[in-house]
Amino acid sequence: DLIIKEVLSNKKGVCMHYSMLFHKMCSALDIQSHYITGYTRDGKSSKIADESHAWNAVKLDSSYYFIDNTWAAGYVEDNNYISKFRDNFFLIPPKDFIKTHMPFDPIWQLLENPISHDDFMKGDYTKLNSTGDFNFIDSISALKSQKRETFLARQKKRITEFGITNALIEQKLKSIENNIWVENYNAAITKLNLAQKEIKLAISENNTFVKFLNKKTPNEDGEEDEMKLVVKKMAKHFKKGVSALYDAKRKVNLMSSSHKKEFQTKSLQLSLSINNLETKIAQIKPSIKLHAIYADIVID
């Protein structure tokens, strides 16, 4: 939404702005649209572009078509931009569009027999004449129900399997890896915060139980049941805290190493926080295990 506001405010943009704005407009009209990134070749010179590009696919009735709003809006000639609408980049069938536009993710070729990056670089489109069994329709349908981390992991796998033949693909994969890192980091932080909260509550309940034990006056009627309830709450919070911490560590293990200084700093801070909580758990665990016996609860 911020990108949409930016392009509407500035009234200009690059391919990303064209494509995202078009996607937003389609969504408002209940037209199925998809934002796609990849790279291109010039239709005349066959030269592969030095930068990545973005475009859209739309589903009309039961068929998919491609639209490159950036190319349709105009072109560059002698380093000057010429604003001129061209409909030869509007509602193009997949088998024609693939000759100039190669998506990073093969499902967005929208072909049953997608070509490889190597084929595209060579300009070899012989596969287009053959039938295939690549089920891009099911793959697209599955995207709606996938968690973000699952989507990124599968996208990375698909792109890698189709070959890493140029720097643009490498950049895309690096971007995906960074996004996967961020997803795992955020999930780890969420689990760590939960673990810290639950352990804090467990310590509080444990302290309450200790106060019961240290009372100098005889226990009042019903106090034993109240003490057992405190112990049960203590054990519940402790187990939830330990479980959440385990989940946080599991997410950390999924975080790939990165050369980005920002990521390295965050990783170090996260590891320190996890170690500090583990130390606290180790310190309070003997007391909690002992007191849990009062309510016939076993703490591993």
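In this predicted model, the buried residues of helix α10 pack against α8 and α9, the latter spanning residues 223-254. Helix α10 covers residues 261-292, 32 residues in total. The distance from its first C-alpha to its last is 44 Å, close to the 46 Å expected at 1.5 Å a residue. The helix is kinked by about 40° at Ile284, shortly before the proline Pro286. Ile284 itself is buried, as are Phe263, Leu270, Ile274, Leu277, Ile281, Ile288, His291 and Ala292 of α10.

Helix α8 (167-213) also takes part in the lining of the second largest pocket, to which it gives the most, with six residues. At least two lining residues each come from α2 (15-28), β1 (32-40), β2 (53-60), α7 (148-161) and α8. The pocket holds about 800 Å³ of space and is lined by 29 residues. Met20, Tyr35, Ile36, Thr37 and Lys172 are the lining residues that lie nearest its centre. By class, 14 of the lining residues are nonpolar, 11 are polar and four are charged.

Lys172 is also one of the contacts of Gln155, a residue of helix α7. With neighbours within four places in sequence set aside, Gln155 is in contact with Asp105, Lys172 and Ile176. The C-alpha atoms of Gln155 and Phe104 are separated by 9.1 Å, although the two residues are 51 residues apart along the chain. The relative accessible area of Gln155 is 9%. Gln155 is therefore classed as buried, the cut-off for that class being under 20%.

Note on methods:
Residues are numbered from 1 along each chain as its sequence is written. This is a predicted model: local features need pLDDT of at least 70, side-chain atom pairs count only at pLDDT 80 or more; totals for chains, interfaces and linings use all residues. Side-chain values use heavy atoms; hydrogens and water are left out. On a 1 Å grid over the protein atoms alone, a cavity is a set of points where a 1.4 Å probe fits but cannot get out, and a pocket is an open set with protein on both sides within 12 Å along at least five of seven lines; lining residues have an atom within 4 Å of a point. Grid points are joined across faces, edges and corners, and a volume is the space filled by probe spheres set on the points. Helices (H or I, at least four residues) and strands (E, at least two) are DSSP runs, numbered from the N terminus. Ala, Val, Leu, Ile, Met, Phe, Trp, Tyr, Cys and Pro count as nonpolar, Asp, Glu, Lys and Arg as charged, and the others, Gly among them, as polar. The expected span of a helix is 1.5 Å times one less than its number of residues. The bend at a residue is the angle between axes fitted to the seven residues ending there and the seven starting there. Buried means under 20% relative accessible area, exposed over 50%, partly exposed in between (1.4 Å probe, protein chains only). Contact means heavy atoms within 4.5 Å.
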